[in-house]
Amino acid sequence: MALTMNKRPVRCVRPSPTVIPGATRDGPKGADPLTVKEKENVELTVVMPCLNEAETVATCVRKAIGFLAASGISGEVLVADNGSTDGSQQLAADAGARVVPISEKGYGNALMGGILAARGKYVIMGDADDSYDFTNLTPFVNELRQGADLVMGNRFAGGIAPGAMPPLHRYLGNPVLSFVGRLFFRSKIGDFHCGLRGFNRDAMIALNLQATGMEFASEMVVKATLAGQRITEVPTTLAKDGRTRPPHLHTWRDGWRHLRFLLLFSPRWLFFLPGLVLLIAGLVVGAIVIPHPFTVGAVTFDVDTLVAASAAVVIGFQAVLFWLFTQVYAGSEGFLPEEPKVQRLLEKLSLERGLILGALIGLAGLAGLIFSLLYWNGLKFHQLNYEHSLRLMIPSVTALMVSCQVILGTFFLSILGIKHTRHPATVSPPSVPVDVANHREQQAAAPRL
């Protein structure tokens with residue numbers, strides 16, 4: 001149910017300008033000065049990750065506080081400091097922000113620590129370099145109140161000031177990576193990497209975000225899309241930042257980290273589609289060249305082409321198997337949704353059927369090798385005419401390799417499909433102290449990307 005704008009008296013939560021003791025991605029440490037009732041009344045937290053932003057952080061904090069006051073929203077401004085050494089913490093606190101130190105380095109760590117420390121139902125995050133307009137957050141709040149789980153800003157729709165974004169980022173990096181994100185995950189977001197975005201805090205925490213660096217921005221969109229959350233987009237502006245030092249963003253390193261994340265979370269595009277193309281191309285070319293040389297104009301395709309087609313078949317089939325392995329593992333571990341098509345395929349492809357299929361392919365390859373041996377015997381084991389003999393030898397060896405892949409792959413899929421069986425305990429286990437249990441859960445936590 002959408003919420004309406006409340007015109008109640010302004011109550012902007014502004015604690016005294018002191019820094020709260022250390023925090024990590026597991027949440028802030030130290031006492032919380034607000035009561036439970038006061039926490040429930042905080043609607044919006046504006047989170048700003050900060051690392052040596054002394055030139056701009058106070059300006060950003062004042063703008064956000066001014067927005068909260070002008071709009072009548074009960075909220076707070078939280079600066080998630082990632083180890084600043086230029087006095088940014090005190091400047092932010094003096095401007096009215098609540099400062100939470102985040103000891104683990106990285107953009108993703110800073111933001112996740114800030115999100116966990118936030119008291120608001122909704123969170124709007126934005127960089128503390130004065131490039132985003134914290135005085136106009138109303139479109140984000142309106143979308144959140146209407147039920148959106150994630151509201152993305154779109155700088156290309158709202159306007160990018162001259163010099164605000166390097167040409168390489170504006171015309172290549174951001175458009176290409178956003179296109180890849182839309183293609184891989186069927187998302188409609190036009191600007192995957194906009195740093196100004198709002199979201200429902202509980203919905204975002206439920207995604208179990210793990211990225212520690214700049215790829216955190218992509219992870220948020222990808223996991224929200226895969227989880228079926230409601231995502232909307234609003235235009236926003238990007239101004240030239242107010243700092244004189246170089247930005248924290250490294251073009252090629254962080255661009256690769258974004259692309260790497262998109263690939264790892266899309267096994268269909270990483271393994272299946274390229275593998276399927278190679279497999280089909282190898283089979284088609286091989287079927288054409290096996291009977292006799294194939295000529296196109298002045299170019300003749302012969303047994304050398306057949307070798308390349310064989311390699312394409314083996315590599316392509318292996319890639320398709322890797323897609324299947326990844327889907328089964330990712331679905332069982334819960335970091336990718338289970339694919340209904342994959343589940344139906346696995347139901348039909350039992351261990352026994354896989355072994356039979358692999359054996360049949362292997363027998364076909366073995367028969368080809370026997371015929372090749374008989375052909376050689378007919379020549380008294382003398383020198384072969386390779387133009388003829390390889391037309392049978394290459395497909396036979398290829399069939400044997402694919403046979404091994406099918407048999408071994410089927411066994412591995414069966415291992416991945418083994419479920420843990422928990423039998424009723426015959427004797428009640430000894431009780432485990434709560435603190436020990438919590439420690440064990442932390443030790444078993446999933447590794448971060």
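**Arginine 186**

I looked up arginine 186 and found a relative accessibility of 66%, so arginine 186 counts as exposed. The model I am reading is a predicted one. I placed arginine 186 in the loop between helix H7 (167-185) and strand E8 (197-200). Its phi is near 55°, a positive value in a residue other than glycine. I noted for context that most residues other than glycine have a negative phi.

Lysine 341 has a relative accessible area of 63% and is exposed.

**Aspartate 130**

I checked aspartate 130, which is not a glycine but has a positive phi of about 65°. I found aspartate 130 in the loop between strand E6 (122-125) and helix H5 (138-145). Is aspartate 130 buried or exposed? Its relative accessibility is 19%, and the cut-off for buried is under 20%, so aspartate 130 counts as buried.

**Salt bridges**

I counted nine salt bridges. One of them joins the side chains of glutamate 76 and arginine 119, at 3.5 Å from N to O. This pair links distant parts of the chain, with glutamate 76 in strand E4 (residues 75-81) and arginine 119 in the loop between helix H4 (107-117) and E6, 43 residues apart. Both glutamate 76 and arginine 119 are buried. I also saw that Glu76, Arg98 and Arg119 are linked in a network of salt bridges.

Next I looked at aspartate 191 and arginine 155, whose side chains meet in a salt bridge of 2.8 Å, N to O. Aspartate 191 is in the loop between H7 and E8 and arginine 155 is in helix H6 (residues 155-158), 36 residues apart. I read 0% relative accessibility for aspartate 191, which counts as buried. Arginine 155 is also buried, with a relative accessible area of 6%.

I then took glutamate 215, which forms a salt bridge with arginine 257; the closest N and O atoms are 2.9 Å apart. Glutamate 215 lies in the loop between helix H8 (201-205) and H9, and arginine 257 in helix H10, 42 residues away. Glutamate 215 is buried at 2% relative accessible area, whereas arginine 257 is partly exposed at 26%.

**Helix H9**

I asked how many of the eleven residues of helix H9 (residues 216-226) are buried. Nine are, so H9 is largely enclosed by the rest of the structure. Among the buried residues are Phe216, Glu219, Val222 and Lys223. Just after H9 I found glycine 228 with a positive phi of about 75°.

I compared valine 222 with phenylalanine 261, 39 residues apart along the chain, and got 9.4 Å between their C-alpha atoms. Phenylalanine 261 lies in helix H10 (residues 251-264) and is buried, with a relative accessible area of 2%.

**Aromatic rings**

I found eight aromatic pairs in the structure. Phenylalanine 261 and phenylalanine 265 form a stacked pair, 4.5 Å centre to centre with 25° between the planes. Both residues are buried.

The rings of phenylalanine 272 and tryptophan 323 have centres 4.4 Å apart and planes at 40°, so I noted the pair as tilted. This pair links distant parts of the chain, from helix H11 (residues 267-289) for phenylalanine 272 to helix H12 (residues 303-333) for tryptophan 323, 51 residues apart. Tryptophan 323 counts as buried at 13% relative accessibility. Last, I noted one aromatic cluster formed by Phe271, Phe322, Phe325 and Phe412.

Notes: Residues are numbered from 1 along each chain as its sequence is written. This is a predicted model: local features need pLDDT of at least 70, side-chain atom pairs count only at pLDDT 80 or more; totals for chains, interfaces and linings use all residues. Side-chain values use heavy atoms; hydrogens and water are left out. Buried means under 20% relative accessible area, exposed over 50%, partly exposed in between (1.4 Å probe, protein chains only). Helices (H or I, at least four residues) and strands (E, at least two) are DSSP runs, numbered from the N terminus. Rings of Phe, Tyr and Trp (its six-membered ring) pair if their centres lie within 6.5 Å; planes under 30 degrees apart count as stacked, over 60 as edge-to-face and the rest as tilted. A salt bridge is a side-chain nitrogen of Lys or Arg within 4 Å of a carboxyl oxygen of Asp or Glu.
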